[in-house]
Number of protein chains: 2
Amino acid sequence: MPATIRDVARLAGVSPSTVSRALSMPGVVNPTTRARVMAAADTLGYAPNKAARGLITGRTGNIGLVVPDLANPFFPSVVKGVQARAGESDVSVFVADSDENATTEIGLVRALAKQVDGMILCSPRASDHELIGLAQETNVVLINRLVEGVPAVTFDNREAMRLAVDHLVALGHRRIAWVGGPKTSWSNKQRMIGLVAAANDNRVEVAPVGWFQPSYDGGIAAADQVVAKRATAVVAYNDLVAIGLLSRLHARGISVPDDLSVVGVDDIAMSRMAHPALTTVRLPKQKSGRLAVELMLGLLEDRDPGSISLRATLHGELMVRASTGVAPDPARP
Amino acid sequence: MPATIRDVARLAGVSPSTVSRALSMPGVVNPTTRARVMAAADTLGYAPNKAARGLITGRTGNIGLVVPDLANPFFPSVVKGVQARAGESDVSVFVADSDENATTEIGLVRALAKQVDGMILCSPRASDHELIGLAQETNVVLINRLVEGVPAVTFDNREAMRLAVDHLVALGHRRIAWVGGPKTSWSNKQRMIGLVAAANDNRVEVAPVGWFQPSYDGGIAAADQVVAKRATAVVAYNDLVAIGLLSRLHARGISVPDDLSVVGVDDIAMSRMAHPALTTVRLPKQKSGRLAVELMLGLLEDRDPGSISLRATLHGELMVRASTGVAPDPARP
DNA sequence: CACAACACTGCAACCGATTGCAGACTCGCC
DNA sequence: GGCGAGTCTGCAATCGGTTGCAGTGTTGTG
């Protein structure tokens, strides 16, 4: 139904090859002819079929993006960053949601791989081994995950946790509970390590509470254990968990921040809407998406590995809001 | 780099055509041969190139989905529904975010149209005219928008508003404020009409407050005008707006639901996390996505229009939570 | 045993684009 | 006028598949 290159060629009275050249290699074709072709293409509303072009050039002008869960507000921000940067270079983005499932994730990559020039995987759930496998089948850029030899954009998790801890220490907290995310999550591990390191440097205690779903309900589930730890502050794996905590703490009549300070990580939109508004470490989510696309474009540009940077690390920023305050006076039980 | 049909053919010692048939028309090929082909395909990890197949069959096995804003929690739910249903039929989904921009939206559809069998547009921002245009260029299914002659899945907005109004009336409210969404939004119009109709039937007043961004900030912006309307209840265009209202009302010391009851529409995840938890009309978001895919598959199956249903209407469900209560006693100022 | 019917399989064309190569034409210069 | 260089254009092959048609081999029947 839509116009093909042959339709344009016929209307312009030239061969398809000339149309192709007129459109993608200006200068090599006679200006007069070119104008005629352009006019014809215009009246027919012609747009080249990217898939067909991809067959022969090996470049589709598309990239794929897989995220674990679009319902987690962290990811849409990344998606927006990716789409924005991709749009600037005229590449289309195919987004897919893996439902937090490693198998689905791999399946999606395989299904999309042939139709795109490369895949960006955000917080992938697959194993290092599987990711390395994918990376040699197709161009892969990771976000929020570090795997040997695979280009990646990551957040400086150690630094992020240091920001959180320094803030709490400055408020007089000496014992900090930690509500972990999924046990197998790479970023969870990084954050845990960062937290412990920052706590040690400050000579304050860390009380780990275990591993929870990175969701509101995960926070709800963790809250009572947090209280039992008798810490004066708690750092959660991410904002969603922190907001779950806030909710359950409120229900139990525990005052935040008077009895307990709460800190999250991510700074999703919901965090400033929470009661009290959540203190958190803002991660540059959109920027991570933009950067991932840039790495990808670099990968595609020169196949020569080593000539471009394969790593980018982004820094977080502490957003102090109402969920943190000075530690309760220990003299006052 | 990845295996082609020719590689498989060579390994199995047959021609490419046989491989093609073995894979997609079982029964027409000798079981022994078929087994050999399957084995070869397996060892090579062969998967047909959908784009190439699409060239000749006219079917790519992909569908596109455009939403206005992935950061609005309403849309990811729809996306998940679409992906789930599509996955069951082995079709891949390409998701794109139009940034609430009609021009971007159209551009995305055009860019994707050639690489997919059809496009699902959720809450499109484009004009009826433009949508009709798109619908004759490619297969289009709409969600949450009704346009003459274009297949669509919609929510019963009138009924939704009636549920909200009946609930409030039962609680004794006689004057209901209405915080509208974007002026040009189709669903906003429908909800406004539904609200007024339900109010008239119940002989209660409606006090419209104007049009606002369908976001948290939109709710914040509307709150003071709502208060000035001296209504005892307010219905917001959607939950995001309602939650914004809650926040600003709280800041002003207005008690919800004692002074003012608040009702939203959508039932996004955030609504039950709000303080107080938001009473709202739940719309079956995932289901709308699933259904849209089903309409699309029907469209693709038989090109014969008229043989399949082109319309589906989904019903909402009232979720009573803590943000609504009995109307304050008018005798007690 | 001859011949028809049938089940499989391969050849070749095609989908919509790109591109190496060669042919046609123009132009300039001797 | 003839020749070489240079510019532009078209032919045909190709990408990875699918499919109509024809050809081969096997089987069944008279």
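**Backbone notes**

I began in the loop between β9 and β10 of chain B, where Asp267(B) is found. I note for the record that the model I am reading is a predicted one. What is the phi of Asp267(B)? I find a positive value of about 60°, although Asp267(B) is not a glycine. I then checked burial, and Asp267(B) counts as buried because it has 25 C-beta neighbours inside 10 Å, where 20 or more are needed for that class.

I next looked at the peptide bonds, still in chain B. The bond that leads from His275(B) to Pro276(B) is cis, and I read its omega as near -10°. I placed Pro276(B) in the loop that runs between β9 (261-266) and β10 (279-282) of chain B.

Is the peptide bond from His275(A) to Pro276(A) cis or trans? I find that it is cis, with omega near -10°, and that Pro276(A) sits in the loop between β9 (261-266) and β10 (279-282) of chain A.

My last stop was Asp99(A), a residue other than glycine whose phi is positive, near 60°. I located Asp99(A) in the loop that joins β2 (92-97) to α6 (102-113) in chain A. Is Asp99(A) buried or partly exposed? I count Asp99(A) as partly exposed, because 18 other C-beta atoms lie within 10 Å, and a buried residue would need 20 or more.

Key: Residues numbered from 1 in each chain as written. Chains lettered and ligands numbered in written order. Predicted model: local features only at pLDDT ≥ 70, side-chain atom pairs only at ≥ 80, totals over all residues. Helix = DSSP H or I, 4+ residues; strand = E, 2+ residues; numbered from the N terminus. Buried ≥ 20, exposed ≤ 12 C-beta atoms within 10 Å, placed from the backbone.
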